[in-house]
Amino acid sequence: MFSSTIKISSVSDYIVPSQECIKPLMKNVKLQLDDPSIQLKPNLIKNQNNVAKVSLQDCLACSGCVTTAETILIQTQSLEEFLSAIKKYKNPAIGISPQARASLSYVLNFTDVQMHSILQQVFQEMNVTLYDMSEYTKIAINNSIQEFKQTNIFPLLCSECPGWVCYAEKTLDESIINHMSKVKSPQQIFGKLLKNKHDYIATIMPCYDKKLEAVREENNQDVNIVLSTREIEQFVKDFIQKSNVIPQQIPLSTLAINLQEYHNSSSNNYLDYIIQSILIPNWIVKQNIRKNKDFIEITIYNEDMEQQGIFARVFGLKNIANLITQIKTKTCKYKYVEIMACPLGCLNGGGQIQIQKNTEKAIDLIPKLKEIMTTQKIQIDNQYENEQEMYLTSFKHIKNENNFQW
Amino acid sequence: MNCKILKGHEDRVWQVVWHPNGQMLASCSSDKTIKLWRLMNDEYKLIQTLDDCHKKSIRSVSFSKDGNFLASGGFDAIVGVWMFDGSVYKLIQQLEGHESEVKGVAWSADGKYLASCGRDKTVWIWDHEDLEFSCNCVLQAHDEDVKCIKWNNNILYSGSYDNSVIQYIYGEDDEWDHLQVQVNHQSTIWSIDIFNKLMLTTSADCTAKVFAIQNGNLKHIQTLQGFHKEPIYSGSFSYDGLYLALASADNKISIFKKDSIDEFGQPHFALEQIFDAFEFDVNCVAFNPKNYLLAASSDDLNIKVFNLQL
């Protein structure tokens, strides 16, 4: 039966897993191999010492070395790992994203301000300084506005979402990658800036893919570990039960703008701020729902109702796929697109706490989380500032690279 | 047994499917082509080779119920859509979105939806307006590679390397709701076929199972085991539900015939015959929608059509 062993000649028939994702993990793999709980699928592509004998069924059935790497990555960036690491460092820090905090606040039934003060106490106890990442988000936004004002590439595609970035790098060609914003994400700006003050940096994010972002080579391990909201839920609950925490009223700021219907605080509002930066008094903003609520078109008109630009907010893979089709067929008319891989945006991120309250649906939950994010907050001055420094990143185009070694 | 051999493909033939009129076959292969064969005077004539869409193996092919459309899924992560213009099939769109190899494509009964599935663990549902296809939904309910998809009217089923079958129903809130249905296979689900309210699943655990679809759940009727020594890649019910056929990596095809009805009114199948059909793995079997012709395809580059009524 010749099909029981895959022929070398047919190797190029499969899409090559992205080595870039695996690379930073190789050192971790060795470390984890002793742990029997981790099942490694045959990773023959990487193994040059063995004679390659993969059954076709294995090969077709395998969901890819990348996935295995991702699984290992998630296991090496765990709460246990964080708890043991902070003991080894003098001055560790942790940043929480507003979306992650809203999820915790909702589940533990606190206001967002109370929740932040409780988390401060939780981490203080462990000698870890807690930061609100909103301030760093503002830098990313200002960088993005600056980039938008200087670019001649349209549409400019927001690249904060690591799910979208991974997808784009793996499946799309250079013509799309070139449209991606070069601005570092708030997480990486946070890591880069705090590296001077702290020797170990963690973040709490609504998203598992942020772990992948942190280990990207160009990010230089600025962020050492990423924990998802879900991963710290039980830990925070236990702490509250064991210790006598007193929720406090502390000043906390928000980047959410709730004035107009087109604003959307589920993700980090890049689009709102970019639009705001080019608006002139008396100009009019109109919102149009395309196909579904996760594909929103926002058009700006001047006082004479002349169109001054169309923008879009695109959440979820299906809408991304349709946007890409538009770009490829050159029918895309947007100047800037805020793209997030999760339907409903980051508040509905894969790392958020799963809600079991009356089997509440995400679509009903998200408005509540938005409410939590904005109440009792000081509005961050949302005037655009010309940032002195641009924090830039890079992307790879790995779709057609042939990485097979055998 | 009366058997016709269709030669032409230059690499393994992954799938062979009948046109709904029963007069044409479409086959897809690792040679990156789809071939269309017309049945004329008891002979199969190659009438068209579609080679302008995929850059890698074509893993799956599907006719829409009216035969006007053909879809293909390839290892290049592309889903191709072809339209019949009265004489030939022409490529009208290449749907991009899958992250890696596409393993299955299938049209819904009303032609409204096209579904595709693949190694990226997802099922994509595409809809169309004025011949323009766009993505309706991306479903990420499986933990592993999704091997096969099958529509039952407008309900979709998918089978996976994670050993499970998931059912998708278009809900009132404009979302596709998913639910895992119990099949209890011990390995990869390689194929799903449906006839009336019967479902046939085949698996790498070397068994095939027959279920009754009852109010959205599956009720196990029969497990066909001990007949094949290798994974069963494909299964097909005959047009009248009287027969079912299985195709296996052991190079054999087995035919089962309905031989009794149980106390709940459900049919049971008994082995009619099992035979060496090809020199290598049998990847696919497909019963003709009008008669007892059984088409099958193999790694040995051949397609064979067996006439079960001699």
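Q: What counts as a strand, and in which strand of this predicted model is B:S191 found?
A: A strand is a DSSP run of at least two residues in state E, numbered from the N terminus. In this predicted model, B:S191 is found in strand β18 of chain B, which spans residues 189–195.

Q: Is B:S191 buried or exposed?
A: Buried means under 20% relative accessible area. B:S191 has a relative accessibility of 8%, and therefore counts as buried.

Q: Which polar contacts does the side chain of B:S191 make?
A: A polar contact is a pair of N or O atoms within 3.5 Å. The side chain of B:S191 is joined to the side chain of B:T202 by a polar contact of 2.8 Å, and a polar atom of the B:S191 side chain lies 3.1 Å from the backbone nitrogen of B:G235.

Q: Which other residues does B:S191 touch?
A: Leaving aside residues up to four places away in sequence, B:S191 touches residues including B:C148, B:L200, B:T201, B:Y233 and B:S234.

Q: How do strands of a sheet pair, and in what order do the four strands of the open sheet in chain B stand?
A: Strands of a sheet pair through backbone hydrogen bonds, in either a parallel or an antiparallel way. In chain B, four strands form an open sheet in the order β22-β23-β24-β25, with antiparallel pairing. Its edge strands, each pairing on one side only, are β22 (232–237) and β25 (267–276), and neighbouring strands of the sheet are turned against each other by 20° on average, direction ignored.

Q: Over how many bridges do β23 and β24 of chain B pair?
A: Strand β23 (residues 243–248) and strand β24 (residues 252–261) of chain B pair in the antiparallel sense over five bridges, and B:A247 stands opposite B:I253 in β24(B).

Key
Residues are numbered from 1 along each chain as its sequence is written. Chains are lettered from A and ligands numbered from 1 in the order in which they are written. This is a predicted model: local features need pLDDT of at least 70, side-chain atom pairs count only at pLDDT 80 or more; totals for chains, interfaces and linings use all residues. Side-chain values use heavy atoms; hydrogens and water are left out. Buried means under 20% relative accessible area, exposed over 50%, partly exposed in between (1.4 Å probe, protein chains only). A polar contact is a pair of N or O atoms within 3.5 Å; within protein, one must be able to donate a hydrogen and the other to accept it, and residues adjacent in sequence count only if both atoms are side-chain atoms. Contact means heavy atoms within 4.5 Å. Two strands pair if DSSP finds at least two bridges between them. Axes are lines fitted to C-alpha atoms, for helices over the stretch in contact, and angles run from 0 to 180 degrees between N-to-C directions.
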